[in-house]
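My entries follow in the order in which I looked things up.

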Amino acid sequence: GALTKNGYIFLHCFIVLMLSAAVTLPSCFRERSTLFKHRSAEFYDSKSSYIALLLTDAPLSILEACLLAIISYFWVGMRTGAGNFFYFLGMLIALECAGQALGRLLCALYRKQVTANSASSVIILVFGTVGGFMPSYMSIPPILRWLSWVTPVAYAFEGLMLNEFADLTFESDLMGSSGNQAGPIDLGGNNWLNAYNLPRASFADVTSTKVFDIFMVFLFALVYDTLGFHFIEKTRTWNHNQIRRPQATVKKSFGMGSSSTTAADDSNVEDTEGDSSWPSSLIGRNISYEVPLKRKTTGINIRKMIRKMTVKL
């Protein structure tokens, strides 16, 4: 059952990260279109929208991790201790957060969803390859071994392996020298862990390494969200070019507002375009107009209405 548990642990590390990123991407791109329209009208900034999206995704991450852990953990026969179960649950929540943060980052970096999906598939494939399951850490070519230190899957796999096999004793059937006899032998969990050459297992005791691993997965989620938080406004400028000048600058272009208001606007808003004959955007309010109607009687226009337009700025 040890190999089955290994596959169960790695499958959750890989699948949870992949599915959370894949589910986040479509919703992020749908909401991004609305965000850019609102930003063009200066409703609110991108940072407020990004934080709101992060907070609304957090309960879903916790719910999905809880359902997955409660249904499958004891079914597979993992260790039944409360500490082991809640560490497993916490690691799944961390992976959910990291996957969703990766999806939001890719949404901020790429203009089209197809490109973001392709990039997500390649990134998660690399994460799974250097995660430490197959091949193990020492079997990875040295030139690529550093990738294991910058992937959340490697830290999650190491933490969950230590959580399950550290100081565990289980039996394994080995064939005798004659080839026709098999007998159970006691196999220590620490010996099983040594076969995987976990890179950080020897740095400190088991508890400290487990805490460090789950902290690193949450740190990856924080780094991804910080980068997405930064690039969501940058890519709007690069790809969409729909930024308008603030309302205070438009008022300044028309010479509107009181002297105190104008002075405050001058101190807070820097007009980078200099003096121009016409502003780059207009604000109109209370626009009323009449549409002329043409009435014909026996082919002759009797009356022509005069269109009036009143614009109050």
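The entries below begin with the ground rules and then go from the whole chain to single residues.

**Ground rules.** I am working with a predicted model, in which local features need pLDDT of at least 70 and side-chain atom pairs count only at pLDDT 80 or more, while totals for chains, interfaces and linings use all residues. I number residues from 1 along each chain as its sequence is written, and my side-chain values use heavy atoms, with hydrogens and water left out.

**Whole chain.** I looked up the secondary structure and found 9 helices and 6 strands, taken as DSSP runs numbered from the N terminus (helices H or I, at least four residues; strands E, at least two). Of the 313 residues, 37% count as buried, where buried means under 20% relative accessible area, exposed over 50%, and partly exposed in between (1.4 Å probe, protein chains only). The chain exposes about 18500 Å², and carbon and sulfur atoms supply 61% of that area; accessible areas come from the Shrake-Rupley method with a 1.4 Å probe, and for residues only the protein chains shown count as cover.

**Core.** I then turned to the largest nonpolar core, which has 56 residues, those with the most contacts inside it being Ile 9, Cys 13, Phe 157, Met 161 and Val 217. Such a core is a set of buried Ala, Val, Leu, Ile, Met, Phe, Trp, Tyr and Cys residues joined through side-chain atoms within 4.5 Å. Helix 3 gives the most to this core, with 15 residues. Leaving aside neighbours within four places in sequence, I find Met 161 in contact (heavy atoms within 4.5 Å) with residues including Asn 6, Ile 9, Trp 192 and Tyr 196.

**Surface patch.** I also noted that Leu 60, Leu 63, Leu 67, Ile 71, Trp 75 and Val 76 form a nonpolar patch on the surface, with about 640 Å² of accessible area together. For such patches, residues need over 30% relative accessible area and no salt bridge, and nonpolar side chains (Val, Leu, Ile, Met, Phe, Trp, Tyr) are joined within 5 Å, like charges within 9 Å. Ile 71 lies in helix 2 and counts as exposed because its relative accessibility is 57%.

**Salt bridges.** How many salt bridges does the structure hold? I find 5, each being a side-chain nitrogen of Lys or Arg within 4 Å of a carboxyl oxygen of Asp or Glu. One of them joins Glu 164 and Lys 5 at 3.1 Å, N to O. Glu 164 lies in helix 5 and Lys 5 in helix 1, so this pair ties together parts that are 159 residues apart in sequence. Glu 164 is buried with a relative accessible area of 0%, and Lys 5 counts as buried at 16%.

In another, the closest N and O atoms of Asp 57 and Arg 104 are 2.9 Å apart; Asp 57 is in helix 2 and Arg 104 in helix 3, 47 residues apart. Both Asp 57 and Arg 104 are buried.

Last, I checked Glu 96, which lies in helix 3 (residues 82-109). Glu 96 is buried yet has no salt bridge, and the nearest side chain of opposite charge, Arg 104, is 9.3 Å away; for charge, Lys and Arg count as positive and Asp and Glu as negative, while His and the chain ends are not counted. Leaving aside neighbours within four places in sequence, Glu 96 is in contact with Val 16, Ser 20, Ser 61, Glu 64 and Ala 65.
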